[in-house]
Protein chains: 2
Amino acid sequence: MKRRDIEILSGFVEPQRASWGESVLDLHSKDQSHHGPHRPELVIWPLYVHEVSRILAYCNEHEIPVTAWGSGSSLEGNPVPVMGGVVLNFTQMNRILTLRANDFQVDVEPGLIYQDLNERLRPLGLFFPPDPGARATIGGMIGNNASGTRTVKYGSTKDYVLRLKVVLANGEVISIGSRASKSSSGYDLLHLFVGSEGTLGIIVEATLKLVGMPPDSSAMLASFREIRSAGEAVFGIMRAGLEPAALEVLSTECVELIKKETGLQIESGNLLFVEFLGPGKSYLWEVTSLCEDILRENGAVYLEKGIGRDKRDQIFRARHQLGEMIIRNHPNRGFLTTDVAVPISHFPELLVYARELTAGVNFPAYVFSHAGNGNIHVVLMGKKEDREEWAKIGMVNDSIVKKALEVEGTSTGEHGVGIGKSKFMELEHKSSLPWMKRVKELFDPKGILNPKKIFL
Amino acid sequence: MKRRDIEILSGFVEPQRASWGESVLDLHSKDQSHHGPHRPELVIWPLYVHEVSRILAYCNEHEIPVTAWGSGSSLEGNPVPVMGGVVLNFTQMNRILTLRANDFQVDVEPGLIYQDLNERLRPLGLFFPPDPGARATIGGMIGNNASGTRTVKYGSTKDYVLRLKVVLANGEVISIGSRASKSSSGYDLLHLFVGSEGTLGIIVEATLKLVGMPPDSSAMLASFREIRSAGEAVFGIMRAGLEPAALEVLSTECVELIKKETGLQIESGNLLFVEFLGPGKSYLWEVTSLCEDILRENGAVYLEKGIGRDKRDQIFRARHQLGEMIIRNHPNRGFLTTDVAVPISHFPELLVYARELTAGVNFPAYVFSHAGNGNIHVVLMGKKEDREEWAKIGMVNDSIVKKALEVEGTSTGEHGVGIGKSKFMELEHKSSLPWMKRVKELFDPKGILNPKKIFL
């Protein structure tokens with residue numbers, strides 16, 4: 001990128017919304033993952049669709065890489081500008097454009113943080129269900145098809161996108177989808193952009209589907225001696241069709257860490273947290289009774305029912321902060337987190353496999369899971385600069401991914417491909433991978449959008 | 001298509017599975033819509049993936065059109081082979097390959113009829129929710145992204161497809177997706193094929209997601225003097241987040257026809273049929289009480305609650321057979337059915353618009369609706385060969401589509417684009433339509449797959 005390109009591109013916006021200062025470039029050189037930093041050459045904070053369009057048209061003509069940036073909270077290097085160029089930071093383009101409570105719909109800009117959206121929706125009794133935990137932007141969530149604790153009942157981000165405005169590599173602005181709740185009209189380009197990590201186009205506006213907040217909830221905790229039993233209880237609950245709104249496994253080491261860090265009064269052991277949301281007390285009573293039977297049949301040694309709102313919120317908060325707690329507790333170590341998802345019948349076996357694989361290693365490892373979706377995270381902590389240890393960590397990650405693919409699961413349940421998972425794309429997608437590449441070439445023939453991601 | 005092509009292609013399968021007999025060609029010249037017949041030149045009943053692959057490779061080389069065929073029950077001319085060539089009739093390739101009850105998943109061949117699948121699943125307490133009504137095949141349902149009475153709660157076919165095996169135009173066989181319940185891995189090609197009406201590739205195998213059948217249900221009927229009131233009650237029920245499992249509007253003329261044809265004991269007027277499915281009696285009691293309040297507030301003049309299983313089944317059957325009843329009652333007329341869907345806040349207005357538009361015409365018209373999805377059907381009956389009347393019918397359809405698009409709805413909620421809706425694609429998709437065409441050219445550069453569909 002030439003000096004002149006930087007001058008021209010930064011001239012497309014007000015002066016305070018473009019920067020090539022060292023500290024700014026550093027701040028946009030890495031996300032929250034273990035992947036090494038790469039600095040962009042220019043950061044621009046767009047406010048309007050026409051700015052994004054103009055920037056992309058210029059960059060496409062001059063073959064300058066462009067990478068979209070939300071909160072930088074991703075865990076697979078997804079927005080790291082590995083080829084330099086321009087980073088578009090969307091955090092100022094964050095308005096709620098039109099709230100249509102009557103249609104359970106909202107039009108938003110990509111930089112809006114989903115918790116801020118939910119804050120605004122709460123008085124209306126509505127919410128946007130996907131919840132990756134970090135203060136993620138809607139644009140980042142769409143780019144990654146983010147999900148989280150609520151996904152077992154409510155689905156992923158892809159299930160909540162009705163319409164998108166996208167700026168393509170050549171600067172062209174297209175609108176995709178409609179506000180109808182269902183449609184059989186034309187090709188589904190919408191879902192092609194969801195989860196494409198900014199490699200096919202840049203999302204500048206989204207119409208999201210919202211959900212009414214069920215008035216009542218009921219939460220319970222169960223403790224198991226063996227992680228296998230917790231896994232089998234998860235399978236039992238899903239098999240019975242109970243539709244929990246959260247179903248989270250925390251292995252012993254996670255539970256001990258949470259107790260130490262938060263002082264939360266919870267049982268030790270491998271914990272299963274279950275929450276149900278529903279229209280009334282009687283429904284919740286029915287479903288939690290059924291759930292209790294399943295938990296006991298699978299060997300729960302301790303069971304806490306009817307957990308109140310306060311404690312439930314503390315548990316959720318602790319679960320969402322678990323990643324940070326782990327990092328804080330190992331100041332001289334970096335981390336890699338696995339993110340496989342498998343069919344639910346294979347969940348107990350994968351959980352045990354992850355447990356056994358990490359039992360013998362001499363670095364810290366934490367196993368936890370959005371269990372209802374068969375989505376397993378293992379956080380592996382390696383000493384910085386210890387190449388041998390990192391090689392071992394890489395091997396553990398590879399083994400877990402390969403095992404997940406063997407049982408027809410996926411290499412990434414929610415973190416996306418980014419840098420770390422591209423090496424598994426051929427194994428996972430086989431014959432359809434070349435067609436993904438051709439789609440990329442169709443929409444971005446010069447390869448300027450978030451280059452070197454998804455594909456090796 | 002040359003005589004030699006027919007000989008070679010029919011030689012790819014056993015002799016009894018290829019035919020160019022007049023009656024066979026006639027049977028594959030039209031679906032259930034008003035669109036005129038076009039005969040193929042050859043019909044083949046494939047049984048194996050490799051046969052489909054070989055046929056497509058040959059047809060692609062020789063630029064022979066290929067159109068996939070399920071039950072022929074579509075309503076927009078979707079599988080009519082307007083350019084002749086080969087029709088692949090999938091009704092013999094209809095096996096359940098692997099039933100994985102523990103994962104709530106099943107692998108099926110495309111010719112399987114969805115009611116037959118549900119019959120097999122019933123003893124396991126599982127079902128495949130999309131229900132277009134006719135004896136549709138799974139392949140046809142995926143091709144059309146079919147939906148129906150259950151969609152208001154359970155979504156469309158697209159929400160139940162986890163993995164596809166597809167034969168591309170060049171004969172290449174690709175597999176897309178995984179068996180994980182969620183994934184952020186690579187581009188979503190899966191949803192590109194769902195709803196593409198056999199124009200991008202031909203589906204030869206699908207892994208479907210299944211749902212546990214809730215043990216209890218409760219149904220109610222309400223009658224309204226004005227169709228607007230029925231529409232407003234629908235909006236009220238959806239706005240309250242009650243999550244009905246069916247929410248169907250039948251206008252006066254449909255109700256009278258059903259009573260005459262079936263002898264069913266139901267109230268006259270504009271009827272709203274509501275059903276809830278749930279985990280227990282107490283939940284159902286709560287939700288139906290809330291629903292009753294909304295129905296009364298919106299002016300229900302008659303209300304029947306706690307409808308038993310038998311009567312509920314009769315009502316469902318009558319709803320599903322309504323199209324046939326209408327046709328049977330007007331032996332000298334053909335029909336055109338509209339299929340728009342709009343955001344739910346615009347539903348009452350669209351319903352009234354359709355009513356008023358058809359009140360003054362001098363041909364029979366029937367208004368009914370999968371109301372919870374804002375999906376409105378108007379069946380318009382025209383005298384065969386009466387070109388003036390058909391011109392008027394076309395204008396009514398056009399007006400309803402344009403009105404739906406004005407309020408950011410869709411020209412087709414569930415019937416697909418086929419022949420009849422292609423003229424609205426530009427108005428509906430605007431800037432994204434050229435990209436749909438480019439995707440078509442990417443996957444089918446010679447345009448052999450179901451040509452002249454979706455695009456004008």
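This is a predicted model: local features need pLDDT of at least 70, side-chain atom pairs count only at pLDDT 80 or more; totals for chains, interfaces and linings use all residues.
Two strands pair if DSSP finds at least two bridges between them. Strands themselves (E, at least two residues) and helices (H or I, at least four) are DSSP runs, numbered from the N terminus. Residues are numbered from 1 along each chain as its sequence is written, and chains are lettered from A and ligands numbered from 1 in the order in which they are written.

Back to β10(A). Opposite A:Lys209 of this strand stands A:Gln105. β10(A) also pairs with strand β8 (residues 161–167) of chain A, again in the antiparallel sense, this time over six bridges. There, A:Val167 has A:Ile202 as its bridge partner. In general, strands of a sheet pair through backbone hydrogen bonds, either parallel or antiparallel. How enclosed is strand β10 (residues 202–209) of chain A? Seven of its eight residues are buried, so the rest of the structure largely encloses this strand. "Buried" here means that 20 or more other C-beta atoms lie within 10 Å of the residue's own; 12 or fewer makes a residue exposed, anything in between partly exposed, and C-beta atoms are placed from the backbone.

Zooming out, chain A has 15 helices and 19 strands. Its C-alpha atoms fill a box of roughly 65 × 55 × 45 Å along the principal axes. A compact globule of 456 residues would have a radius of gyration near 23 Å, and the 22 Å of chain A agrees with that. (The radius is taken over C-alpha atoms, and the globule rule is 2.2 Å times the number of residues to the power 0.38.) Of the 456 residues, 57% count as buried. Contacts tell a story too, two residues being in contact if their C-beta atoms, placed from the backbone, lie within 7 Å. Among contacts in chain A between residues at least 6 apart in sequence, 73% link residues at least 24 apart.

Chain A splits into domain 1 (3–89), domain 2 (107–212) and domain 3 (216–406), with bounds that come from an automatic or database domain assignment. The C-alpha centres of domains 1 and 2 of chain A are 22 Å apart, and 15 residues of domain 1 of chain A are in contact with 20 residues of domain 2 of chain A. On the domain 1 side of this contact, α3 (49–61) and β3 (66–69) of chain A each supply at least two residues.

Next comes the pair of chains. A rotation of 180° with 0.0 Å of shift along its axis superposes chain A on chain B, with an RMSD of 0.0 Å. The two copies are thus related as by a two-fold rotation axis. (Superposition is by least squares on the C-alpha atoms of residues with pLDDT of at least 70 in both copies.) Which residue of chain A comes closest to the rotation axis? That is A:Tyr283, with its C-alpha at 2.6 Å. Across the interface, 69 residues of chain A are in contact with 70 residues of chain B. Of the chain A elements on that side, α15(A) gives the most, with five residues. The copies meet through the same surface, because 100% of the interface residues of chain A are also interface residues in chain B.

β3(B) runs parallel to strand β4 (residues 86–89) of chain B, joined by four bridges, and B:Thr67 stands opposite B:Val87 in β4(B).

Finally, B:Ile326 sits in helix α11 (residues 309–329) of chain B. B:Ile326 is buried, with 23 other C-beta atoms within 10 Å. Leaving aside neighbours within four places in sequence, B:Ile326 is in contact with B:Leu257, B:Phe335, B:Tyr366, B:Val379 and B:Met381.

Notes: Copies are superposed by least squares on the C-alpha atoms of residues with pLDDT of at least 70 in both.
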